[in-house]
Amino acid sequence: MSGAWIAGVLWRLLSLMGSLLLTLWGLTAITFSIGRFIPTDPVLAIVGDHASRETYERTRLALGLDRSVLEQYLIYLRKILAGDFGTSVMSSHSVLSDLYQFFPATFELATIATVLGVLVGVPAGVLAAANRGRWPDRLVSIVGLFGYSMPIFWLGLIGLAIFYGRLSWVGGPGRLDTGFEDIVTARSGVILVDSALAGEWEVFRNAVSHLVLPASLLGYVSLAYISRMTRSFMIDQLAQDYVTAARIKGRSFWGAVWGHAFPNIMVPLITVIGLSYASLLEGAVLTESVFAWPGLGLYITSSLFNADMNAVLGGTLMVGAVFIGINLFCDFLYKVFDPRLRAA
Amino acid sequence: MSDAALLEVEDLNVSFPGRGGITRAVRNASFSLGRERLGIVGESGSGKSTTGRALLGLIPAPGIVTAKRMTFGGQDLRGLPDAEWQKLRGRRMSMVMQDPKYSLNPVLKIGEQIEETYRLHHRSSQGEARSKALAMLEAVKIRDPDLVYHLYAHQLSGGMGQRAMIAMMLIAEPDLLIADEPTSALDVTVQNEVLRILDDLVTDRGMGLIFISHNLTIVGSFCDRVLVMYGGRIVEELKASELAAAKHPYTQALIKAAPSLEHPLAELAVVTRDPAWLI
Amino acid sequence: MTVETTSAPPAARLSLRGWLASDAPASRRQAVLGNVYRGFVALVSNRTALTGLVIVAALLGIAVFAPLVSGFRSPIDQSLSERLAAPGAAHWFGTDEFGRDIFARIAYGTRVTLTIVMLVSIVVAPIGLLVGTTAGYLGATAGRAGGIIDAVLMRITDIFLAFPRLVLALAFAGALGPGIENAVIAISLTAWPPFARIARAETVSIARSDFISAVVLQGASTARILFRHIVPLCLSSLIVRLTLDMAGIILTAAGLGFLGLGAQPPTPEWGAMVASGRNVIFEQWWVATIPGLAIFIVSLGFNLLGDGLRDVLDPKSS
């Protein structure tokens with residue numbers, strides 16, 4: 001690794017930090033604007049319709065609504081950086097503590113779905129590329145195409161109706177059956193982990209039965225994307241001379257595919273997997289709604305219906321920040337390991 | 001090391017069915033090769049590279065390869081199962097490709113890629129294979145084998161990369177080497193070095209060599225016999241020493257088109273193509 | 001190499017097809033129409049693209065002729081005595097919880113989908129073109145100042161590109177209230193960046209070419225160069241990308257509808273229809289299943305069409 005390469009990486013890292021800050025700033029600007037310019041009067045929301053004029057004025061001053069927009073934004077920014085996302089009207093806890101409470105469920109879902117997507121999607125993509133034009137390729141393409149075109153909430157409802165309603169193969173909405181709810185103390189928030197650590201295997205099994213359907217759903221979306229990208233990368237590599245050279249040396253076809261071509265796509269593949277994970281955070285919003293999964297998505301949507309703008313914007317900020325962070329980091333990783341740049 | 005033919009090819013045909021019809025890349029090519037040097041000369045699209053790949057069984061689908069006869073060391077190459085091809089390739093017949101920038105795996109160390117050929121065909125320990133690889137790097141006149149062993153493809157110059165490629169393809173001591181435009185991607189100054197290394201190795205090991213190139217001059221000086229290909233056909237076969245007495249108009253045109261320092265011309269000759277040559 | 005074709009070409013005829021397929025067009029119009037014709041033939045010969053084209057054409061057709069297609073049934077008339085009726089002769093797709101004919105609602109729902117598609121396109125394409133071509137052209141030809149404008153515009157593009165689409169749309173719709181216009185604005189906010197990127201890439205590759213220089217020498221203003229000369233060349237990539245993104249936009253809009261944030265009742269929006277069928281999914285499965293199927297088919301159609309268009313118009317990217 002030459003010094004020039006390291007310098008290049010550091011420069012890109014700096015650039016990444018800059019982009020991150022800039023984009024997150026943009027996000028706060030947008031959430032602030034949304035919060036500030038909603039048609040409903042935030043003061044009224046707190047004091048109610050029948051408050052006296054003095055109460056109204058007092059609350060208005062307390063909310064800082066008499067200051068200029070710029071000042072209000074700066075106050076908002078300062079609060080955000082201090083972790084103060086306001087208080088949830090619904091739960092009357094701080095939004096931040098609510099977010100901490102709801103985050104693990106989404107994390108669990110997105111992580112398991114991505115693992116599924118990788119375990120199935122990567123081999124599928126390799127298989128498709130190696131069998132280009134033949135039925136494995138067509139099958140993978142069709143499965144992927146369906147995944148891109150599928151309304152996830154619809155598939156979730158149908159899955160629930162069939163596998164839970166008709167066949168009773170899996171657990172229903174929610175993370176656990178009501179009977180199991182308070183048996184295990186929440187340490188990490190991830191029920192699978194907590195119940196395993198506590199040795200409560202019945203709880204574990206119940207959690208798995210509830211996890212299967214939503215995770216498979218999101219996993220399908222994930223594998224549609226991952227298999228398509230893997231296929232595309234592999235097709236490029238399989239056309240390269242070094243793969244032919246491997247076969248000339250006496251390597252079998254699959255030996256050349258997995259031993260030579262595949263190592264060349266691992267880095268771009270990691271960035272693809274990262275991007276898929278980020279987009280699953282979004283996909284989880286609808287899935288959680290269908291499965292009553294108590295994650296960030298459900299938190300945001302139910303806060304929406306309760307006009308709890310603090311909670312909505314806080315949730316948006318959090319999901320947005322994680323989403324942006326993963327996206328930009330993957331962009332950075334990809335550029336750093338781009339073989340074309342390495343050759344320079 | 002007998003003088004019996006290493007390779008015997010009769011009526012080799014390679015076609016590629018496509019949307020506009022069938023493209024015949026190689027048409028009725030026949031030749032034989034002993035432990036000698038055979039050059040195949042032709043322009044782009046003449047079928048010379050395709051012939052080389054057909055000999056190694058590396059024509060990709062949907063290409064179709066047929067021949068009345070195609071034997072290597074007496075073994076029939078037609079319809080050979082993959083397992084048999086893997087035993088032949090690298091160990092008894094091998095190929096050096098044109099551009100090491102693309103023909104070396106970018107993410108594996110050079111030394112590991114060279115070792116791989118050896119370990120595919122010989123049971124050996126890690127240490128044995130490594131010393132073989134280092135010895136091979138020395139044989140291709142790389143000055144610091146220990147250093148180069150740990151380098152990656154993009155860290156090598158063109159000449160070094162091509163020498164590494166040669167090492168990779170000769171380490172298992174094949175009887176036949178096909179060199180597909182081995183110096184075309186190199187600077188002129190480096191070309192001669194690589195050619196000399198190839199020359200030494202082929203001579204020392206008594207190998208058969210098929211040298212594919214568009215450069216008649218190089219082929220003429222390097223090989224014993226020359227095949228001239230045009231439009232998928234072999235239009236002429238002659239000894240390298242008798243090139244000046246070529247009979248086919250295409251060969252004659254090629255010879256005339258080569259610039260010469262002794263007989264400088266105001267205008268370089270251009271090949272006028274006769275459609276009759278395609279029949 | 002020789003190529004032996006399997007059939008001899010037919011003799012040229014003075015027909016419309018002959019005129020369009022001519023290798024030596026006599027006028028600019030003939031050349032342009034000829035290209036369109038050739039592109040169309042290539043598109044239609046690809047079976048998957050053809051399927052996509054058929055689906056999208058059907059969407060358009062049903063939207064335009066919705067009253068006819070639905071047999072003049074109303075999508076919003078309620079008939080509580082007939083609520084949750086199974087699919088049958090009277091109601092081909094059954095009825096929903098208010099007794100409204102689902103087939104008619106699906107048919108009229110095409111109009112909603114089409115409206116969203118068109119509105120988003122109208123907003124997103126011009127913004128993307130404007131930002132992308134300006135950034136690309138100034139960056140390539142206006143020296144350091146141009147480079148700064150290029151960098152700034154691209155930074156802004158990157159910022160919007162990094163935003164999560166659905167979540168932001170949720171927050172937006174939540175603040176501004178539900179409704180089709182707000183949904184369109186929310187989606188457009190995050191949908192325009194890819195088009196700016198494409199436009200910029202195309203612009204950069206042609207900004208320094210000779211014919212642009214010729215136009216500059218003729219005295220054309222920057223605006224004229226951009227709009228008359230550069231934008232037309234970006235259009236084909238843009239159309240491909242738009243078609244490909246359309247599926248995602250439809251899904252996002254349907255997602256918003258599912259959450260109650262899109263077009264409001266009684267407007268027959270497919271996502272909202274799925275949501276309304278949610279509670280009766282176990283028994284009256286058709287109420288939620290059929291609208292979702294419609295979303296799926298339309299999305300699929302745009303994806304297939306987009307893939308086909310890409311193969312025809314932009315083969316180097318496939």
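**A few questions about this model**

Reader: Which residue is the bridge partner of B:Gly39 in β10(B)?
Author: This is a predicted model, where local features need pLDDT of at least 70, side-chain atom pairs count only at pLDDT 80 or more, and totals for chains, interfaces and linings use all residues. Residues are numbered from 1 along each chain as its sequence is written, while chains are lettered from A and ligands numbered from 1 in the order in which they are written. Strands here are DSSP runs (E, at least two residues) and helices likewise (H or I, at least four), numbered from the N terminus. In β10(B), B:Gly39 is bridged to B:Val226.

Reader: How many bridges join β3 to β10 in chain B?
Author: Two strands pair if DSSP finds at least two bridges between them. Strand β3 (residues 37–41) and strand β10 (residues 225–230) of chain B run parallel, and the bridges joining them number 4.

Reader: Which are the edge strands of the open sheet in chain B?
Author: The sheet has 6 strands with mixed pairing, in the order β7-β8-β9-β3-β10-β11. Pairing on one side only marks its edge strands, β7 (93–96) and β11 (233–239) of chain B.

Reader: How are α5(A) and α13(A) set to each other?
Author: Their axes (lines fitted to C-alpha atoms over the stretch in contact, with angles from 0 to 180 degrees between N-to-C directions) come within 10 Å and cross at roughly 55°. Angles under 35 degrees count as roughly parallel, over 145 as roughly antiparallel, 65 to 115 as roughly perpendicular and the rest as oblique. So α5(A) and α13(A) are oblique.
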